[in-house]
Amino acid sequence: MLGGRTTARERVIDAAVELFAEHGVQGTSLRMIADRLGVAKGEVYYQFRSKDDIVLALLTPLFDAIARVVEDGEAQSSPQRRRDTAIRGLVGVAVDQRRATCLFRGDPAVDQLVSRHGELVALAERMRSLLSGTDPTHSERVALSVACAGLYFCTTDPGLQDIPAADLHEILLRGFLSCVSGPEPAPAASPPRPAATRPGSALRDSVPCR
């Protein structure tokens with residue numbers, strides 16, 4: 001038996017985390033989780049009706065934190081304050097939750113799961129609206145995409161897990177703000193104009209020296 005209900009759920013989640021880290025979400029089954037715990041599969045079913053439910057239980061703290069950031073941002077009085085609140089809040093959540101999100105780095109099964117839950121998709125769209133504002137330019141949209149992708153990959157990179165949370169937060173916040181608020185790139189330089197020549201010089205230069 002798994003023991004008390006609360007403890008049982010925690011044990012199932014702990015076993016799932018180990019297996020997700022080893023095999024990914026797609027490669028892990030409820031049978032494997034039960035075997036890791038040394039119980040019958042029905043014991044796991046009693047706690048979670050599906051593997052998706054386990055993943056959602058792991059992601060719930062992350063999405064709850066994002067929801068609070070979105071609500072704080074939407075409550076601000078100006079587009080700039082809403083954007084700044086969203087950026088600072090998103091960076092904070094990404095750093096605070098980096099050990100959980102690292103587990104799902106690049107796992108397509110998690111993206112598919114999130115896409116099947118309309119409330120999570122809607123939450124992501126609300127966050128995107130806060131970050132991009134109204135009628136963003138192509139350059140602003142690309143900059144935001146680069147900043148968000150960089151934030152995700154930096155906070156889930158195992159090679160950066162040794163950086164203290166406070167230091168990582170400061171570095172990522174500066175980087176995110178620089179990416180989305182940096183100066184416009186300078187226009188491309190005009191091609192050099194050909195040097196002026198004296199009449200007849202081109203013909204003279206084409207004649208081999210004697």
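**The whole chain**

Begin by displaying the entire chain as a cartoon, bearing in mind that this is a predicted model. The secondary structure consists of eleven helices and zero strands. Followed along the sequence, the pattern is accordingly α-α-α-α-α-α-α-α-α-α-α. Colouring by accessibility would show that 33% of the 210 residues of the chain count as buried. Among contacts in the chain with a separation of 6 or more, 70% are made by residues 24 or more positions apart.

**Helix 7**

Next, select residues 108-115, which form helix 7. Which residues of helix 7 are buried? They are Ala109, Val110, Leu113 and Val114. Turn the view to look down the axis of helix 7: the buried residues fall within an arc of 135°, and therefore line one face of the helix.

Now show the side chain of Asp107, which caps the N-terminal end of helix 7.

**The largest pocket**

Select Leu62, Phe63, Ile66, Ala124 and Tyr152 next; of the 29 residues that line the largest pocket, these lie nearest its centre. Two or more lining residues come from each of helix 4, helix 5 (79-96), helix 7, helix 8 and helix 9 (138-155). Which helix gives the most to the lining? Helix 8 does, with eight residues.

Colour the lining by residue class to see its make-up: 21 residues are nonpolar, four are polar and four are charged. The space in this pocket comes to about 990 Å³.

**The loop between helix 8 and helix 9**

For the last stop, select Asp135, in the loop that lies between helix 8 and helix 9. Is Asp135 buried or exposed? Asp135 counts as exposed because its relative accessibility is 72%, where the cut-off for exposed is over 50%.

The backbone here also deserves attention. Most residues other than glycine have a negative phi. Asp135, which is not a glycine, has a positive phi, near 50°.

Methods: Residues are numbered from 1 along each chain as its sequence is written. This is a predicted model: local features need pLDDT of at least 70, side-chain atom pairs count only at pLDDT 80 or more; totals for chains, interfaces and linings use all residues. Side-chain values use heavy atoms; hydrogens and water are left out. Buried means under 20% relative accessible area, exposed over 50%, partly exposed in between (1.4 Å probe, protein chains only). Helices (H or I, at least four residues) and strands (E, at least two) are DSSP runs, numbered from the N terminus. The arc is that of the directions from the helix axis to the C-beta atoms. A polar contact is a pair of N or O atoms within 3.5 Å; within protein, one must be able to donate a hydrogen and the other to accept it, and residues adjacent in sequence count only if both atoms are side-chain atoms. On a 1 Å grid over the protein atoms alone, a cavity is a set of points where a 1.4 Å probe fits but cannot get out, and a pocket is an open set with protein on both sides within 12 Å along at least five of seven lines; lining residues have an atom within 4 Å of a point. Grid points are joined across faces, edges and corners, and a volume is the space filled by probe spheres set on the points. Ala, Val, Leu, Ile, Met, Phe, Trp, Tyr, Cys and Pro count as nonpolar, Asp, Glu, Lys and Arg as charged, and the others, Gly among them, as polar. Contact means heavy atoms within 4.5 Å.
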